[in-house]
Amino acid sequence: MGSGIAQVAAASGHDVVICDNLTLALSKSVKGIQASMKTLVDKGKMTDANAYSLFSRIKFTDHMSDFRNCSIIIEAIVEDIEQKQIAFKSMEAIVEEDTILASNTSSLSISAMGAQLRRPERILGIHFFNPAPLMRLVEIIPALQTDPAVVEKVKKTIDSWGKTTVLAKDTPGFIVNRVARPYYGESLRILDEGIADEATIDWAMRELGGFRMGPFELMDFIGNDINYAVTEVVFQNFYYDSRYKPSFTQKRLVDAHYFGRKTGRGFYDYREGTVLPQATKNEALGREILNRVLVMLINEAAEALYLRIASRDDIELAMTQGVNYPKGLLAWADEIGIARVVEQLDALYVEYLEDRYRCSRLLRKMSRDKRTFY
């Protein structure tokens with residue numbers, strides 16, 4: 001991820017430093033950026049001269065001291081809060097007083113990272129989505145300590161790179177990795193209950209719902225190790241709220257190192273010669289699957305708005321540009337009818353008597369008052 005962010009910054013004319021204490025990782029970064037630029041040149045989206053100029057603006061180093069004159073540093077190391085705190089303390093000892101320190105974490109507390117610093121007012125989250133050169137969305141996450149001027153400066157900078165920025169409160173998962181959890185979690189629940197298999201659920205969400213990828217092919221694409229880890233972090237940091245409960249089915253895949261496409265096996269078998277399973281294309285079943293997952297997604301988006309995690313428009317932007325949903329979830333709720341969404345959520349709660357199906361107070365109030373999001 002760090003290489004992709006560096007490429008984006010260099011493409012906007014900045015001189016960039018990529019630092020890693022592992023020579024192998026630096027070599028991989030060099031090859032990755034070169035391969036990415038070759039693809040752009042081959043597709044006619046970049047000239048050889050522009051590619052050469054971009055690459056010449058990137059310095060690869062294993063010495064953190066080379067960060068000394070940087071104005072913004074974006075950390076993109078392993079998702080471990082203690083490792084990130086150590087990295088930021090080390091950087092703070094090197095850089096100028098006005099250098100902005102940022103984390104690309106997808107779910108960890110920015111405020112906790114800042115707590116270890118002498119000047120925590122300069123830290124914030126800048127969360128890119130993978131692959132960074134192609135995905136337009138960037139979540140900006142101020143910590144409790146962050147100076148508003150730092151937020152404004154970073155937002156202006158990232159916007160100038162051609163990205164779409166949204167502001168999110170410093171809570172687990174921010175916008176996308178919080179709101180998107182039911183896309184995976186409820187689909188896994190449907191699978192575990194034997195209502196439908198992976199191929200059928202993927203078909204329903206893709207063909208009937210308009211999502212670019214079904215949940216199981218998407219988890220295999222992301223990597224089950226990564227997807228499961230994010231779910232686990234969100235679950236723990238929300239004090240084990242059952243809405244975010246991880247799946248034993250996915251955990252067993254992770255235990256077996258069936259991470260998905262990158263290992264050749266995940267929910268699907270990608271090994272050469274293997275025939276992928278076919279979906280049961282029953283529209284009534286498909287609609288049942290789609291509606292169940294969709295109302296859970298809408299409920300999560302509504303709850304994020306109710307708890308002021310982000311604005312209405314930023315939530316919609318985040319889900320359409322961060323994970324390529326076919327339409328904003330709140331606008332989708334208006335289209336379905338908020339009263340109908342509440343009715344479906346209540347039916348699930350009555351059936352299961354599980355707190356994961358509790359309806360957002362905002363949806364219930366809007367249904368009662370006959371209001372819409374737009």
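**Entry 1**

I note the terms here. Buried means under 20% relative accessible area, exposed over 50%, and partly exposed in between, with a 1.4 Å probe and protein chains only. Helices (H or I, at least four residues) and strands (E, at least two) are DSSP runs, numbered from the N terminus. In soluble globular proteins, nonpolar side chains tend to be buried together.

The model is predicted: local features need pLDDT of at least 70, side-chain atom pairs count only at pLDDT 80 or more, and totals for chains, interfaces and linings use all residues. Residues are numbered from 1 along each chain as its sequence is written, and side-chain values use heavy atoms, with hydrogens and water left out.

I then listed the contacts of Phe373 (contact means heavy atoms within 4.5 Å). Not counting residues up to four places away in sequence, Phe373 touches Ala302, Leu305, Arg312, Leu330, Ala333, Asp334, Ile338, Leu362, Leu363 and Met366.

Rings of Phe, Tyr and Trp (its six-membered ring) pair if their centres lie within 6.5 Å; planes under 30 degrees apart count as stacked, over 60 as edge-to-face and the rest as tilted. By this rule I get twelve aromatic pairs.

Tyr183 is in helix 8, while Phe211 is in the loop between helix 9 (198-208) and helix 10 (215-222), 28 residues apart. Tyr183 counts as buried, at 1% relative accessibility. Phe211 counts as buried too, at 3%.

Tyr183 also pairs with Tyr325: the centres are 5.8 Å apart and the planes at 45°, so this pair is tilted. Tyr325 is in the loop between helix 14 (312-322) and helix 15 (329-336), and 142 residues separate it from Tyr183. At 5% relative accessibility, Tyr325 is buried.

Which residues do ring pairs link into a cluster? I wrote down Tyr183, Tyr184, Phe211, Tyr325 and Trp332.

**Entry 1: helix 9**

Is helix 9 largely enclosed or open? Eight of its eleven residues are buried, so helix 9 is largely enclosed by the rest of the structure. The buried ones are Ala199, Thr200, Ile201, Asp202, Trp203, Ala204, Met205 and Leu208. Their cover includes helix 8, helix 10 and helix 13. Just after helix 9, Gly210 takes a positive phi of about 85°.

**Entry 2: Leu348**

Leu348 is in helix 16 (residues 338-352) and counts as buried, at 13% relative accessibility. Leu348 and Arg292 are 56 residues apart in sequence, and their C-alpha atoms are 8.5 Å apart in space. Leu348 touches Arg292, Val295, Leu353 and Tyr357, not counting residues up to four places away in sequence.

**Entry 3: empty space**

Rolling a probe the size of a water molecule over the atoms shows where empty space is left. On a 1 Å grid over the protein atoms alone, a cavity is a set of points where a 1.4 Å probe fits but cannot get out, and a pocket is an open set with protein on both sides within 12 Å along at least five of seven lines; lining residues have an atom within 4 Å of a point. Grid points are joined across faces, edges and corners, and a volume is the space filled by probe spheres set on the points.

A search of the whole structure gave me one cavity of 30 Å³ or more. The largest cavity holds about 60 Å³ of space. Its lining is Pro182, Glu186, Arg243, Met296, Asn299, Glu300 and Arg356. Helix 13 gives the most to this lining, with three residues.

The second largest pocket holds about 330 Å³. Of its 19 lining residues, Arg189, Lys245, Pro246, Ser247 and Arg356 lie nearest its centre. Helix 8 gives the most to the lining of this pocket, with seven residues.
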